[in-house]
Amino acid sequence: GAVEVESALGKGTTFRVTLPLTLAIVDTMLVQLSNGVFAIPLTSINDVLYLSEVQVSTLTGQQAIRWRGSVLPLIDLKKFFADPRMPNVDLNDAKRAIVSVAWGKQKSGLVVDKIIGKQGIVVKSLSRIMGELPGISGGTILGDGRIALIIDVPSLMNAALRARRGSIT
């Protein structure tokens with residue numbers, strides 16, 4: 001967008017704000033991983049719970065919990081995004097949270113360090129230089145100047161499934 005300012009002495013000032021037609025505002029849940037902030041679209045979220053509320057088990061090499069009568073596989077976002085700057089934290093750390101997400105009939109629990117809260121964000125596309133990032137659909141600039149990456153739940157779940165099958169790393 002653009003901001004124009006016209007000022008005339010003794011007459012006043014006019015501010016014009018022009019926004020692009022493709023401006024997308026999405027309601028999200030902001031979560032924290034180490035010092036990074038990520039945004040998960042609310043349309044994909046079923047529940048939010050804390051690791052202290054559940055028992056984590058391992059089924060066929062995949063960590064999961066029993067939640068609302070079914071098995072919910074867990075995706076630890078620190079491991080998924082594999083950022084060496086993010087310290088390894090025990091998955092059973094009671095301070096961490098699980099964001100239960102769904103895409104079609106698939107459901108997963110995204111393990112995060114902290115729930116920040118709900119916020120409407122303006123979606124910005126990522127540069128072509130970055131290429132395609134599995135699990136990320138764009139970014140946003142938060143009110144405090146920090147950048148948050150927007151999680152693409154379908155892409156994240158598909159990439160996690162392919163990683164479990166050994167077709168990607």
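Reader: Which strands each supply at least two residues of the nonpolar patch?

Author: Strands β1 (2–8) and β2 (12–18) do. A strand here is a DSSP run of E with at least two residues, a helix is a run of H or I with at least four, and both are numbered from the N terminus. The model is predicted, so local features need pLDDT of at least 70 and side-chain atom pairs count only at pLDDT 80 or more, while totals for chains, interfaces and linings use all residues. Residues are numbered from 1 along each chain as its sequence is written, and side-chain values use heavy atoms, with hydrogens and water left out.

Reader: What makes V3, V5, F15 and V17 a patch?

Author: A patch takes residues with over 30% relative accessible area and no salt bridge, joining nonpolar side chains (Val, Leu, Ile, Met, Phe, Trp, Tyr) within 5 Å and like charges within 9 Å. V3, V5, F15 and V17 form a nonpolar patch of this kind on the surface, and together they have about 440 Å² of accessible area. That area comes from the Shrake-Rupley method with a 1.4 Å probe, and for residues only the protein chains shown count as cover.

Reader: Is F15 buried or exposed, and how do you know?

Author: Under 20% relative accessible area is buried, over 50% is exposed, and in between is partly exposed (1.4 Å probe, protein chains only). F15 has 58% relative accessibility, so F15 counts as exposed. The residue sits in strand β2.

Reader: What joins E4 and R16?

Author: A salt bridge, with the closest N and O atoms 3.9 Å apart. The term asks for a side-chain nitrogen of Lys or Arg within 4 Å of a carboxyl oxygen of Asp or Glu, so the pair qualifies. E4 is in strand β1 and R16 in strand β2, so the bridge ties together parts that are twelve residues apart in sequence. R16 also meets E6 in a salt bridge, at 2.8 Å from N to O. E6 belongs to strand β1 and R16 to strand β2, ten residues apart.

Reader: How exposed are E4, R16 and E6?

Author: E4 has a relative accessible area of 40% and is partly exposed. R16, at 38%, is partly exposed, and E6, at 41%, counts as partly exposed.

Reader: How many salt bridges does a search of the whole structure find?

Author: Seven. Among the residues involved, D76, K78, R96 and D113 are linked in a network. D47 and R68 meet in a salt bridge at 3.4 Å, N to O. D47 lies in strand β5 (residues 45–50) and R68 in the loop between β7 and β8, so this pair ties together parts 21 residues apart in sequence. D47, with a relative accessible area of 17%, is buried, whereas R68, at 65% relative accessibility, counts as exposed.

Reader: How do you know that β7 and β8 pair?

Author: Two strands pair if DSSP finds at least two bridges between them. Four bridges join β7 to strand β8 (residues 70–76), and the two run antiparallel, so they pair.

Reader: What joins strand β6 to strand β7?

Author: Three bridges join β6 (residues 57–59) to β7 (residues 62–67), and these strands also run antiparallel. T58 stands opposite Q63 in β7. Their hairpin has two residues between the strands, and T60 in the turn has a positive phi of about 45°.

Reader: Why is the pair of F38 and F81 called stacked?

Author: A search of the whole structure finds two aromatic pairs. In the pair of F38 and F81, the distance is 5.2 Å centre to centre and the planes are 10° apart. Rings of Phe, Tyr and Trp (its six-membered ring) pair if their centres lie within 6.5 Å; planes under 30 degrees apart count as stacked, over 60 as edge-to-face, and the rest as tilted. F38 is in strand β4 (residues 36–41) and F81 in helix α1 (residues 77–81), 43 residues apart. F38, at 6% relative accessibility, counts as buried, while F81, with a relative accessible area of 22%, is partly exposed.

Reader: What kind of pair do the rings of F80 and F81 form?

Author: Their centres are 5.1 Å apart and their planes are at 85°, so the pair is edge-to-face. F80 counts as partly exposed at 21% relative accessibility. Ring pairs link F38, F80 and F81 into a cluster.
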